[in-house]
Amino acid sequence: MLYTIPDYYHQFQCVADRCEDTCCAGWQIVADRRALERYRKVRGPFRKKLRSSVDWKEGTFRQSEDKRCAFLKEDNLCEMYTELGKDSLCRTCRRYPRHVEEFENVREITLSVSCPEVAKILLAKKEPVKFLSYEKEGEEEYEDFDPFLYSELLDGRDLMIRILQDRKKPLDLRAGLILAIAHDMQVRIKKGEIFSCQEVLERYQTKAAEAYVQKKVQEAQSNEEQQFRYVRQMFWNLDQLERLRDDWEPYLREAEALLYRKGQKHYLEVRKEFSDWIGVHMPEWSVQCEQLLVYFLSTYFCGAVYDGRAYAKVQMAVISVLLIRELLAAQWLKNEKMLEMQDVVETVYRYSRELEHSDPNLNQMEEMMEEQLVPMFWKQI
Ligand code: SF4
């Protein structure tokens, strides 16, 4: 079995009760069967707490009214951990913030930026992320796994990550190129012409294709009305998603009012001023965008082997970075035109939680991408 991890993987350490937030609130924790069997066998004083804190029918941990896990104490430590030890945790709690994507004979392990400590590591990283692989014994066969499509997706993802990490190219061109590659791969996947994906990958390494995408990016960037309508629509789409934290809705409403309610002219002025400010005061933003794009792309793109939605996954990666940037612009206005690294960290982990801790949200986001295609105007990220 082949395992891959990002090169910052071993930097992560949970800070438990010193965490600025907690991963034990706001989402429904589903316990695995083996953990539930262990909990049934527990005797002694903790048995009563266990019996009342687990929804045995659903196999989930109960939550308080403010959506905190029933085992999460006031001091933000886990009672299960303190009473029964680390080995008592269910798989979800043991793994988090590790995220595992499973393919035939492959496990891709990433760290979710929904954890503040992971967001800090990724956003502070200056060098391009590398992915490390190692082998462990064991083989498996999946019944309906398409190894040919998987192999094309892997090649496509490798090229897209190389392009995203090519810092000689402007970021808008890099984003435009990965959108174009995913778009053309999608056309071939739909037609069942999977092997011709290689032609796409070769084409987008030529100067001619780069010049073509550059022209398309410039054309889209000159259409400010389209940009305003599209970004606002994408922001509204965020509102359609299932909400995991109660404070997410007011946060979105406030950002929406600050950015869009005064109309297109005001929005474009704010965007221009914010871009100028960020260029001067946060020059690391372009590297942070790259790291986030690589994060979303590397985590989700190869999952297209199961649903065929390659293009939607790349669009979701680009839109996610764009929306994070919009939320940051709103925060900047709120902070009287100031931002700290902590604002970026917080915006990233809050966004990631709402999107990535909910499979229906990930699914809905991809569906929305299929309905409202992303134009190539990424100057603003
Ligand atoms: S969010 Fe991350 S750092 Fe905080 S408690 Fe959870 S795993 Fe630990």
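Helices α1 (33-41) and α4 (91-95) each supply at least two residues of a positive patch. The model is predicted; local features need pLDDT of at least 70, side-chain atom pairs count only at pLDDT 80 or more, and totals for chains, interfaces and linings use all residues. Residues are numbered from 1 along each chain as its sequence is written, and side-chain values use heavy atoms, without hydrogens and water. Helices (H or I, at least four residues) and strands (E, at least two) are DSSP runs, numbered from the N terminus.

The patch lies on the surface and gathers Arg34, Arg38, Arg91, Arg94 and Arg95. Its largest share, 3 residues, comes from α4. Patch residues have over 30% relative accessible area and no salt bridge, and like charges are joined within 9 Å. Lys and Arg count as positive, Asp and Glu as negative. Arg91 lies in helix α4. With a relative accessible area of 43%, Arg91 is partly exposed. Buried means under 20%, exposed over 50%, and partly exposed in between (1.4 Å probe, protein chains only).

Next to be described is the backbone. A cis peptide bond joins Tyr96 and Pro97, with omega about 10 degrees. Pro97 sits in the loop between α4 and β4 (98-103). Ala16 has a positive phi, near 50 degrees, in a residue other than glycine. Its loop runs between β1 (2-6) and α1. Ala16 is partly exposed, at 33% relative accessibility. Lys337, also not a glycine, has a positive phi near 65 degrees. Lys337 lies in the loop between α15 and α16 (341-356). Its relative accessibility of 35% makes Lys337 partly exposed.

Side chains of opposite charge can pair when their charged atoms come close. A salt bridge is a side-chain nitrogen of Lys or Arg within 4 Å of a carboxyl oxygen of Asp or Glu. The whole structure holds 37 salt bridges. One of them joins Glu108 and Arg157 at 2.7 Å, N to O. Glu108 is in strand β5 (residues 106-111) and Arg157 in helix α6 (residues 147-164), so this bridge links distant parts of the chain, 49 residues apart. Both Glu108 and Arg157 are buried. Leu132 lies 10.0 Å from Glu108, C-alpha to C-alpha, and 24 residues away in sequence. Leu132 belongs to strand β6 (residues 131-135) and is partly exposed at 39% relative accessibility.

A further bridge pairs Glu370 with Arg309, the closest N and O atoms being 3.9 Å apart. Glu370 lies in helix α17 (residues 359-371) and Arg309 in the loop between α14 (304-307) and α15, so the pair ties together parts 61 residues apart in sequence. Glu370 is partly exposed at 43% relative accessibility, whereas Arg309 is buried at 12%. Elsewhere, Glu127 bridges to Lys125, with 3.4 Å between the closest N and O atoms. Glu127 is partly exposed, at 47%, and Lys125 is buried, at 12%.

Rings of Phe, Tyr and Trp (its six-membered ring) pair if their centres lie within 6.5 Å; planes under 30 degrees apart count as stacked, over 60 as edge-to-face and the rest as tilted. By this rule there are 19 aromatic pairs. Among them is the tilted pair of Phe274 and Trp332, 5.1 Å centre to centre with 50 degrees between the planes. This pair links distant parts of the chain, 58 residues apart: Phe274 is in helix α12 (residues 264-281) and Trp332 in helix α15 (residues 310-334). Phe274 and Trp332 are both buried. One aromatic cluster is formed by Phe103, Tyr142, Phe145, Tyr150 and Tyr306.

Technical notes:
Patches are made of residues with over 30% relative accessible area and no salt bridge: like charges are joined within 9 Å, nonpolar side chains (Val, Leu, Ile, Met, Phe, Trp, Tyr) within 5 Å. Accessible areas come from the Shrake-Rupley method with a 1.4 Å probe; for residues, only the protein chains shown count as cover. The place of a charge is taken as NZ of Lys, CZ of Arg, CG of Asp or CD of Glu.
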